[in-house]
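Please read it alongside the sequence and coordinates.

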Amino acid sequence: MIEDFINAIQNFRRQKIRTFLSLLGVIIGVASVIVITSMGESASRKIQDTFGSAGLDVVRISSGFASRRGRSSGLLQFNETFRENLFDNILNIKKIWYNNSLNATLSYGEISVNGSCDAIETGYLEMYSMELDGGAFFSVTDNVYGTQKIILGKNIADYLFPSGDGVDKTILVTVDKISFAFKVIGVLKEQNTGMENSANNAYIPRGFYSKKIKPNPDADTIMVQAMSKERSTQIAKDIEAYCNDLTGIEYSVFAMSMQTMIEQMNEVTTMLSMLLSAIAAISLLVGGIGIMNIMIVTVTERRHEIGIRKALGAKQSDIRRQFLVESAAITIIGGILGIFIGIAISVAIQFVKGEAYAISFFACGIAFVFSAFVGIFFGLHPASRAAKLDPVLALAGE
């Protein structure tokens, strides 16, 4: 086998142009597969980076189409009874948080900014793995007693306090023309937190909202934390089914999981990558056909060599192996070159785009194995043809 491979390399050196043309189809096919799969892998990572790793175990519940049209008015309320029912009827729930959103104007001195202000329960920000640039999170006491404390997102804090010293300052929060004084106890770092745009938000205790702004309010949205991110997709489905059965109305709520969205996007990306890779693999098959054609020509040109080997006692299996190794060697060399070229192109593209490159080594392995298979498959007929040549006729046909 090793001797056959060495002989194949020597034959390639004698027929440089023919060998190069044979390699070209394999190189293009393998390189195309590598580039496409790397772009798909990079896209998947970019999706993950965009949404962040925090909050993937969270399901967001909001009123559905039916509720917004008034069809289910009074049938489904996001109150404490509903929270208890979710715990009792839906499996794998770790924690449930209620949230109310309001538009507010935040002012410090002569500086004012309009933004979204969320009334949240203790632990809500920690659930999203948010980090503080300074200060502290809300305590249980803050929520129970409804203290007038506020946590600012980075963008709002930077706008109100250009010098960056917002913690312990007092700002005015105006809601429906009524102003409340709040002490800034924390400023959040800027980070990807999935469904929560923390940089442009401000947060107050929900206890204050229910005592001073809207007594005994139903929640606008509910955040359900699953036992693990793998269970969040199923919990979202279970919640929608439970609410639809409870109200007798379809689309009574929307239950959205960030993990589900990422999985769906990754599925689309993977499907497109596979489709494009299959198209690119066609060039491998075309290259294989070209290799078979060239190997047939090679067998015809080397009839005298085949006849001499057979006259010296070479078996059909020896001749068949010789040409199979030669055919496979072309595609294996082409596959290796195609992998390196594909990786180089992928790195260059992603360097130009300014993104971290991601190479699918599994795809590299598949492309290499497929290229070797193409060489063996398309080289089998010429090799069998060479093995069956009659030595007398082969020598006479020189």
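Is Phe161 buried or exposed? In this predicted model, Phe161 has a relative accessible area of 3%, which is under the 20% limit, so the residue counts as buried.

**Overall chain**
- The protein chain contains 14 helices and 10 strands.
- Of its 398 residues, 46% are buried.
- Among contacts with a separation of 6 or more, 78% involve residues 24 or more positions apart.

**Helix H9**
- Helix H9 covers residues 232-247, and its 16 residues should span 22 Å at 1.5 Å a residue. The end C-alpha atoms lie 23 Å apart, which agrees with that expectation.
- The buried residues of H9 are Ser232, Thr233, Ile235, Ala236, Ile239, Tyr242, Cys243 and Thr247.
- These buried residues pack against several elements, including strand S1 (58-63), helix H4 (80-89), strand S2 (93-108) and helix H10 (258-301). Strands S9 (221-226) and S10 (253-257) are also among their packing partners.
- Gly248 follows H9 and has a positive phi, near 75°.

**Aromatic pairs**
- The whole structure holds 8 aromatic pairs.
- In one of them, the rings of Tyr108 and Phe161 have centres 4.6 Å apart and planes at 55°, so this pair is tilted.
- Tyr108 is partly exposed, at a relative accessible area of 28%, whereas Phe161 is buried.
- Phe370 and Phe373 form a stacked pair, at 6.5 Å centre to centre and 25° between the planes.
- Phe370 and Phe373 are 3 residues apart in helix H13 (residues 361-387), so about one helical turn separates them.
- Both are partly exposed: Phe370 has a relative accessible area of 28%, and Phe373 has 48%.
- Phe370 and Phe373 also belong to one aromatic cluster with Phe377 and Phe378.

**Charges over rings**
- The charged end of Arg83 sits over the ring of Tyr98, 4.1 Å from the ring centre.
- The charged end of Lys95 sits over the ring of Trp97, at 5.9 Å from the ring centre.

Conventions:
Residues are numbered from 1 along each chain as its sequence is written. This is a predicted model: local features need pLDDT of at least 70, side-chain atom pairs count only at pLDDT 80 or more; totals for chains, interfaces and linings use all residues. Side-chain values use heavy atoms; hydrogens and water are left out. Helices (H or I, at least four residues) and strands (E, at least two) are DSSP runs, numbered from the N terminus. The expected span of a helix is 1.5 Å times one less than its number of residues. Buried means under 20% relative accessible area, exposed over 50%, partly exposed in between (1.4 Å probe, protein chains only). Contact means heavy atoms within 4.5 Å. Rings of Phe, Tyr and Trp (its six-membered ring) pair if their centres lie within 6.5 Å; planes under 30 degrees apart count as stacked, over 60 as edge-to-face and the rest as tilted. A charge sits over a ring if NZ of Lys or CZ of Arg is within 6 Å of the ring centre and within 35 degrees of the ring normal.
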